[in-house]
Amino acid sequence: MSCPHQNNFRPLEESIHTDFKDSMSYGDYLNLNQILTAQHPISSEHDEMLFIVIHQASELWLKLAGHELSAAITFIESEQFGPAFKVISRVKQIFLQLTQSWNILSTLTPVDYLKFRDDLGQSSGFQSYGYRKIEFMLGNKNKDLIKVHAANEVVHKELTQLSNSPSLYDVVIKIMAKRGFTLDAHVLNRDYNNPYQENESVLNAWVNVYQNAEQHFELYELAEKLMDIEDSFQNWRFKHMYTVQRIIGNKQGTGGSSGVAFLKKALEISFFPELLTLRTKL
């Protein structure tokens, strides 16, 4: 029995543009020359390229997450819940993408990482401006962490501004008060430089929202969107911690932290604590 003829050749269609001497190409639009030439391994080890690309790509995703969270805050302030739900859903997917990237990095074995780890000096993911920006926007404020970025005036200024500004959750709480829920004054007028602390009046308001979901459907749906962020972000944190543990064990981090022990502490932090507590209250 003869096999059907297979044509593995795809001719170039005449309408496809090939001359970009005087017009913008795909590479021009995306500045690919800059992006794809930004990988400069310090060592001669093969796996350092993997290490660099994973972290550079993660920083791009973090930049996008920050862009979307900023939009979410603006939308919620003006009570545009539809657009807010859209961008918050996108943030969730970004964190899922970031979580998947740890699976790729975990193919880096301890032996191979140790071949170039010392070349990293004191550089560490702890110094990630994009990550710190996300944490501040979600409400995990810590002014001391801004010191790490003192050498970069632009970054230091933006993080200081974010520290002084209401987080996503602060904005949500203000909208709840605007819609008639009775909340403690010190919650509505708190010092935004400090991390948010769980509050009984906010908890009671959320319990009311969930018990009367049809009446307060926008806030109810918003709360579940926030939990999506909490869930996906915590999964990313956990996968980060476990990948580090898998590669370096309990060694000290290159940036001076205790390493895995320090990362585990982050897993105890909730951005929206009342939204977890209310599950028990219902």
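Predicted model: local features only at pLDDT ≥ 70, side-chain atom pairs only at ≥ 80, totals over all residues.
Both R237 and E135 are buried, where buried means under 20% relative accessible area, exposed means over 50%, and partly exposed falls in between (1.4 Å probe, protein chains only). Their side chains meet in a salt bridge, at 2.6 Å from N to O; the term stands for a side-chain nitrogen of Lys or Arg within 4 Å of a carboxyl oxygen of Asp or Glu. Because R237 lies in helix 11 and E135 in helix 6, this pair ties together parts that are 102 residues apart in sequence. Helices here are DSSP runs (H or I, at least four residues), numbered from the N terminus.

Residues are numbered from 1 along each chain as its sequence is written, and side-chain values use heavy atoms, with hydrogens and water left out.

**Salt bridges**

A search of the whole structure finds 12 salt bridges, and three of them are set out here.

| Pair | N to O distance |
|---|---|
| R237 and E135 | 2.6 Å |
| R179 and E218 | 2.9 Å |
| E68 and R90 | 3.1 Å |

E68 is buried, at a relative accessible area of 5%, whereas R90 is partly exposed, at 36%.

Now to R179 and E218, whose closest N and O atoms are 2.9 Å apart. R179 sits in the loop between helix 8 (168-178) and helix 9 (185-188) and E218 in helix 11, so the pair ties together parts that are 39 residues apart in sequence. R179 is partly exposed, with a relative accessible area of 36%, and E218 counts as partly exposed at 34%. Both belong to a network of salt bridges that links E79, K178, R179 and E218.

In soluble globular proteins, nonpolar side chains tend to be buried together. Here the largest nonpolar core has 69 residues, of which I76, F95, L138, L168, Y169, W206 and L275 touch the most other members. Helix 11 (residues 217-248) gives the most to this core, with 12 residues. Such a core is a set of buried Ala, Val, Leu, Ile, Met, Phe, Trp, Tyr and Cys residues joined through side-chain atoms within 4.5 Å.

Take Y169 as a place to look: leaving aside neighbours within four places in sequence, Y169 is in contact (heavy atoms within 4.5 Å) with Y196, V202, W206, L226, F271, F272, P273, E274 and L275.

**The largest pocket**

About 1400 Å³ of space lies in the largest pocket. It is lined by 47 residues, and S124, G125, F126, Q127 and H240 lie nearest its centre. A pocket is an open set of points on a 1 Å grid over the protein atoms alone, where a 1.4 Å probe fits, with protein on both sides within 12 Å along at least five of seven lines; lining residues have an atom within 4 Å of a point. Grid points are joined across faces, edges and corners, and the volume is the space filled by probe spheres set on them.

Helix 3 (48-77), helix 4 (81-105), helix 6 (129-138), helix 11 and helix 12 (260-266) each supply at least two residues of this lining. The lining divides into 21 nonpolar, 18 polar and 8 charged residues.

Methods. Nonpolar A, V, L, I, M, F, W, Y, C, P; charged D, E, K, R; others polar.
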